[in-house]
Amino acid sequence: MSILDIACYFAIVCFALSNLLTLYRGIKGPTPQDRALSADVTYINTMLLIFTLGILYRTPWYYDIGLLIGLLGFVTTLAMAKFLLRGEVIEP
């Protein structure tokens, strides 16, 4: 087991713990803005977790999946921000 493997396992544990804490904030959050921020941070943590798995298993498939999660997270964050500002996502 190399130092890179140990670092990847440590990063996976840290990202998973961070995901759990942000999911708690998303459920418990007192304001809708807290919930939107929690969703954004959850997407980022999940993307970084997938990238770390790609480094650990040394396969490029995980990078494509991570980029897809990042793209969907960005679009979802934009939609949630627009909904919180205007009350609707699609304008008539």
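Helices (H or I, at least four residues) and strands (E, at least two) are DSSP runs, numbered from the N terminus. This is a predicted model: local features need pLDDT of at least 70, side-chain atom pairs need pLDDT 80 or more, and totals for chains, interfaces and linings use all residues. Residues are numbered from 1 along each chain as its sequence is written, and side-chain values use heavy atoms, with hydrogens and water left out.

**Exercise 1. Describe the overall fold.**

Step 1. Take the elements. The protein has 3 helices and 0 strands. Along the sequence the pattern reads α-α-α.

Step 2. Check the spread. The radius of gyration is 16 Å, well over the 12 Å that the globule rule gives for 92 residues, so the protein is more spread out than a compact globule. The radius is taken over C-alpha atoms, and the rule is 2.2 Å times the number of residues to the power 0.38.

Step 3. Look at the axes. The C-alpha trace spans about 55 × 25 × 10 Å along its principal axes.

Step 4. Look at burial. Buried means under 20% relative accessible area, exposed over 50%, and partly exposed in between (1.4 Å probe, protein chains only). Of the 92 residues, 26% are buried.

Step 5. Look at contacts, meaning heavy atoms within 4.5 Å. Among contacts between residues at least 6 apart in sequence, 46% join residues at least 24 apart.

**Exercise 2. Which residues make up the largest nonpolar core?**

Step 1. Apply the criterion. A nonpolar core is a set of buried Ala, Val, Leu, Ile, Met, Phe, Trp, Tyr and Cys residues joined through side-chain atoms within 4.5 Å.

Step 2. List the members. The largest core has 11 residues: C8, A11, I12, F15, M47, L49, I50, F51, L53, L56 and I69.

Step 3. Assign the contributors. The elements giving two or more residues to this core are α1 and α2. The largest share, 6 residues, comes from α2.

**Exercise 3. Locate the salt bridge and inspect its partners.**

Step 1. Search. A salt bridge is a side-chain nitrogen of Lys or Arg within 4 Å of a carboxyl oxygen of Asp or Glu. The whole structure holds 1 salt bridge.

Step 2. Identify the pair. The side chains of R58 and D5 meet at 3.7 Å, N to O.

Step 3. R58 lies in the loop between α2 and α3 and D5 in helix α1, so the pair ties together parts 53 residues apart in sequence.

Step 4. Compare accessibility. R58 counts as exposed at 55%. D5 counts as buried at 16%.

Step 5. Phi of R58 is near 55 degrees, a positive value in a residue other than glycine.

**Exercise 4. Find and classify the aromatic pairs.**

Step 1. Set the rule. Rings of Phe, Tyr and Trp (its six-membered ring) pair if their centres lie within 6.5 Å; planes under 30 degrees apart count as stacked, over 60 as edge-to-face and the rest as tilted.

Step 2. Count. The whole structure has 2 aromatic pairs.

Step 3. Classify F51 and Y63. This pair is tilted, at 6.1 Å centre to centre with 40 degrees between the planes. F51 lies in helix α2 and Y63 in helix α3 (residues 61–86), so the pair ties together parts 12 residues apart in sequence.

Step 4. Classify Y57 and Y62. Their ring centres are 6.0 Å apart and their planes at 35 degrees, so this pair is tilted.
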